[in-house]
Amino acid sequence: MEHQTSMYLKELGLCQYEANAYVCLLQRGTSTAQEVADGAGVPQPRAYDTLDSLEEKGFVDVQPGRPKKYGPIKPEIAINRFCEFKERQYNQEIARMQRLGDHLIDAIEDQTTPEERSEICWTYSDRHRILEKLSELTAATTSEIRMITTPVSFERILNHHAERLASKADEGIPIQAIVADDGTVSPAVYDRATEIMDVRWVENIEGRIYLYDTAHVLVAFAASNADGYVGISVTSETLYRTQSQLFDLLWANGRELSQQAAGTDAGTVRTGDDVV
């Protein structure tokens with residue numbers, strides 16, 4: 001029974017000396033450190049440290065005097081106290097890690113300027129993944145969304161995540177789209193788009209560039225792979241500024257288009273699986 005009790009105590013997290021000392025106190029009752037050392041096989045130099053640790057963890061009470069005496073706490077009470085001890089210990093460790101994390105963030109920000117930060121680049125050769133990435137960027141944006149795109153891609157954007165764009169517009173986030181004017185965008189698409197974003201039209205656009213939050217750029221283009229499209233997503237404030245200058249030039253030269261001029265095809269927005 002003594003061996004089994006000691007085994008459970010060690011499973012709870014006590015060391016061998018602590019487990020032996022507590023079992024000894026349960027058997028003998030209130031005892032001095034010397035008596036515990038003799039009865040539990042704890043080296044004399046370690047007896048006081050072991051008993052003080054048991055007190056901190058909730059397994060013993062200390063009776064002041066010369067010498068001090070140590071009394072065992074009933075196991076059911078001791079376990080509750082030990083759980084409280086472990087909870088305090090856990091909370092202290094979490095707080096310590098949080099403080100260290102804050103110091104780490106401060107150190108990185110002090111030592112790294114925006115121009116020195118690593119740029120992150122991902123390539124997607126799957127059109128569905130490109131659409132999903134655009135949706136993720138839209139969901140995460142907090143400041144602005146700017147799009148340079150083709151009519152077909154413009155429709156795909158509206159089909160795939162118009163609701164998410166509308167939600168961002170409701171939050172007050174400005175959304176701008178520059179679209180090539182080839183007469184194929186239907187009135188239904190134009191009506192839906194103008195409810196949630198500002199749209200301007202230019203004569204011709206071959207590429208597709210999407211800008212989010214002053215740092216995220218996604219470029220999509222036709223390719224010769226099996227899927228037919230490739231998307232490159234880059235987190236780069238420098239590239240964002242460069243592409244934003246292009247956007248501003250196109251926007252300044254673009255024009256708003258009336259519903260009648262937006263297209264002649266009536267009906268609902270077409271669905272499709274092509275890339276945006």
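**Two helix pairs in a predicted model**

Modeller: The axes of helix α7 (residues 151–170) and helix α8 (residues 187–196) come within 9 Å and cross at roughly 30°. This is a predicted model, where local features need pLDDT of at least 70 and side-chain atom pairs count only at pLDDT 80 or more, while totals for chains, interfaces and linings use all residues. Residues are numbered from 1 along each chain as its sequence is written, and side-chain values use heavy atoms, without hydrogens and water.

Biologist: Why is α7 called roughly parallel to α8?

Modeller: Angles under 35 degrees count as roughly parallel. The angle here is roughly 30°, so α7 is roughly parallel to α8.

Biologist: Which residues of α7 and α8 make the contact?

Modeller: Contact means heavy atoms within 4.5 Å. Among them are Phe154, Leu158 and Leu165 of α7, and Val189 and Ile196 of α8. By class, the contact of α7 with α8 has nine nonpolar, no polar and three charged residues.

Biologist: What angle do α3 and α4 make?

Modeller: Helix α3 (residues 33–40) packs against helix α4 (residues 44–57) at about 110°, with axes 9 Å apart.

Biologist: What makes α3 roughly perpendicular to α4?

Modeller: The range for roughly perpendicular is 65 to 115 degrees. The angle is about 110°, so α3 is roughly perpendicular to α4. Ala33, Gln34, Val36 and Ala37 of α3 meet Gln44, Ala47, Tyr48 and Leu51 of α4. Six of these residues are nonpolar, two polar and none charged.

Biologist: How many of the residues in the protein are buried?

Modeller: Buried means under 20% relative accessible area, with a 1.4 Å probe and protein chains only. Buried residues make up 39% of the 276 residues.

Notes
Buried means under 20% relative accessible area, exposed over 50%, partly exposed in between (1.4 Å probe, protein chains only). Axes are lines fitted to C-alpha atoms, for helices over the stretch in contact, and angles run from 0 to 180 degrees between N-to-C directions. Helices (H or I, at least four residues) and strands (E, at least two) are DSSP runs, numbered from the N terminus. Angles under 35 degrees count as roughly parallel, over 145 as roughly antiparallel, 65 to 115 as roughly perpendicular and the rest as oblique. Ala, Val, Leu, Ile, Met, Phe, Trp, Tyr, Cys and Pro count as nonpolar, Asp, Glu, Lys and Arg as charged, and the others, Gly among them, as polar.
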